[in-house]
Each structure stands twice: as C-alpha cells, then as structure tokens.
Amino acid sequence: MTYPLFFKRVFILAMLLNSPPLIALILIPIGLEPVLLIMSLAFWANIPLQLGLGNITAEPNIVYSEFGVMDTSLTIIITTVMFWVVCAAILSLLSLYIPNKHQLK
C-alpha cells in the first residue's frame, strides 16, 4: 500500500463526504438555502446517528425534531465529522486493495 496515495484519497473523500456543512457555511449567510442543500445537511447529520452514533453519545446532547437532528453540541458535530472521515478511510482502503482491471500501466 502506498501511504501518500492512501492519505490523498482519504483527504479527498473526507472533504467530499463532509461538504454539506462546509457549503452551508458559505451559502446560508448569503441567503441561498436551496432544498437540496437542506436535504444533504439532514442526511449528513442523521445517517451517523441512525447507524448507532446516537446510542454512543448522551441523549440530552441531541435535540430531535420532525426533520431529524436540529440543535446539537460541538461533541456531536465532531463525532459526526469523524464518522464520515472513518467512512472515507474505509473507502480508500477498499479502493487500494480491490484490483482495478481497467487501470493503465
């Protein structure tokens, strides 16, 4: 395994998987709140909690609403970001170990 390629892939995938809150930081102060951005933020925040992250963290830190997670503490946000970074690392490992038959040599 080549470590520079692995870390490059992890960085790119982590930025891609964590892009909804980064894009929201730019678009919300401007006043642009498209429906797809709101949906992607909801999925970004709710998928880790539905997959078990909500059982690990303390329940009073999370406020659920009809649309999912609404107000959270910094701890929940950091654990959600780390969840997506771990997913990026797993995807990077899989992409390095699964042979690519169409790769140019």
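**Nonpolar patch and buried residues**

Phe 11, Ile 12, Met 15, Leu 22, Leu 25, Ile 26 and Ile 30 make a nonpolar surface patch of about 750 Å². The structure is a predicted model, in which local features need pLDDT of at least 70 and side-chain atom pairs count only at pLDDT 80 or more, while totals for chains, interfaces and linings use all residues. Residues are numbered from 1 along each chain as its sequence is written, and side-chain values use heavy atoms, without hydrogens and water.

A patch consists of residues with over 30% relative accessible area and no salt bridge, nonpolar side chains (Val, Leu, Ile, Met, Phe, Trp, Tyr) being joined within 5 Å and like charges within 9 Å. At least two residues of the nonpolar patch come from each of helix 1 (3-17) and helix 2 (19-30); helices are DSSP runs (H or I) of at least four residues, numbered from the N terminus. Helix 2 gives the largest share, four residues. Ile 26 lies in helix 2 and is exposed, with a relative accessible area of 57% (exposed means over 50%, buried under 20%, partly exposed in between, with a 1.4 Å probe and protein chains only).

Thr 80 belongs to helix 4 (residues 74-97). Thr 80 is buried, at a relative accessible area of 3%. Apart from neighbours within four places in sequence, Thr 80 is in contact (heavy atoms within 4.5 Å) with Trp 44, Ala 45, Pro 48 and Leu 53.

Rings of Phe, Tyr and Trp (its six-membered ring) pair if their centres lie within 6.5 Å; planes under 30 degrees apart are stacked, over 60 edge-to-face and the rest tilted. By this rule there are two aromatic pairs. The ring centres of Phe 83 and Trp 84 are 5.1 Å apart and the planes stand at 80 degrees, so this pair is edge-to-face. Trp 84 is buried, with a relative accessible area of 12%.

Notes:
Accessible areas come from the Shrake-Rupley method with a 1.4 Å probe; for residues, only the protein chains shown count as cover. A salt bridge is a side-chain nitrogen of Lys or Arg within 4 Å of a carboxyl oxygen of Asp or Glu.
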